[in-house]
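Colleague: I have a model open and would like to learn how to read it. Can you take me through it feature by feature?

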Amino acid sequence: MSTAAAPARSLRAGAVLADLLPASRARDIALVVGGAALTGLAAQISVPVPGSPVPVSGQTFAALLVGTALGARRGFLALAAYAVAGMAGVPWFAQATSGYGMPSFGYILGMLLAATVVGALARRGADRSVLRTAGAMALGSAIIYAVGVPYLALATGMTFGQAVAAGLTPFLIGDALKAALAMGALPAAWKLVGRKG
């Protein structure tokens, strides 16, 4: 009985959802490639925002979920693969774009950092309760904006205030809805597998 309980305890301490799968190099590669692909697919859910070169898209939500579910290292690698493939010409950034010259590229760089941070927080249990998940998602979103908005200002010649108005303010309600989805989904996934911390 004690030997059966030991793996559950060791998984609980510092585990992310991806760790529930049997460990192997093939698993890690599949998770990284799958995380990049999920982000690319989610980016195609995209709606232009009048007066802004930045669309509302599903890629930020996917990037935060990928980081949280995979952990910091695999989350970073998945978002790095997404960014590098998009810079190389794969048209899977928002609105089926690619390259690094677009004004919204700073958000992609911010997603890479945010996935790493929320992945590290998930290893500390930030994805196991509604309130902790909300905090992790809010921090991840703030990181994306902290990189994306100044990049937008530099890339377009906007003032910082104009960049905030075009690249932050229109997205706050959508971010709150995405955080609410994550607040329900991630703790529920842990409950479903019986490993709630």
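Colleague: Is Ser 141 buried or exposed?

Modeller: Buried means under 20% relative accessible area, exposed over 50%, and partly exposed in between (1.4 Å probe, protein chains only). Ser 141 has a relative accessible area of 15%, so Ser 141 is buried. Remember that this is a predicted model: local features need pLDDT of at least 70, side-chain atom pairs count only at pLDDT 80 or more, and totals for chains, interfaces and linings use all residues. Residues are numbered from 1 along each chain as its sequence is written, and side-chain values use heavy atoms, with hydrogens and water left out.

Colleague: Where does Ser 141 lie, and what is it in contact with?

Modeller: Helices (H or I, at least four residues) and strands (E, at least two) are DSSP runs, numbered from the N terminus. Ser 141 sits in helix H6. Contact means heavy atoms within 4.5 Å. Leaving aside neighbours within four places in sequence, Ser 141 is in contact with Leu 64 and Asp 175.

Colleague: Which salt bridge does Asp 175 form?

Modeller: A salt bridge is a side-chain nitrogen of Lys or Arg within 4 Å of a carboxyl oxygen of Asp or Glu. Asp 175 pairs with Lys 178, at 3.9 Å from N to O. They are three residues apart in helix H8, so about one helical turn separates them. Asp 175 counts as buried at 14% relative accessibility. Lys 178 also counts as buried, at 18%.

Colleague: How many salt bridges does the structure hold?

Modeller: Seven. Look at Asp 28, which bridges to Arg 27 with the closest N and O atoms 3.0 Å apart. Both of these residues are buried. Asp 28 also bridges to Arg 73, at 3.7 Å between the closest N and O atoms. That pair links distant parts of the chain: Asp 28 is in helix H2 (residues 25-43), Arg 73 is in helix H4 (residues 72-87), and they are 45 residues apart.

Colleague: Is Arg 73 buried or exposed?

Modeller: Exposed, because its relative accessible area is 53%. Asp 28 has 16%, so Asp 28 is buried. Arg 73 and Asp 28 belong to a network of salt bridges that also links Asp 19, Arg 27, Arg 74 and Arg 123.

Colleague: Back to helix H6. What does Thr 133 touch?

Modeller: Thr 133 lies in that helix, which covers residues 130-156. Not counting residues up to four places away in sequence, Thr 133 touches Ala 126, Asp 127, Arg 128, Ala 182, Met 183, Leu 186 and Pro 187. Its relative accessibility is 1%, so Thr 133 counts as buried.

Colleague: And Ala 69?

Modeller: Ala 69 is in helix H3. Ala 69 and Ala 115 are 46 residues apart in sequence and 9.6 Å apart in space, C-alpha to C-alpha.

Colleague: Where is Leu 192 found, and is it buried or exposed?

Modeller: Leu 192 is found in helix H8 (residues 172-192). Its relative accessible area is 74%, so Leu 192 is exposed.
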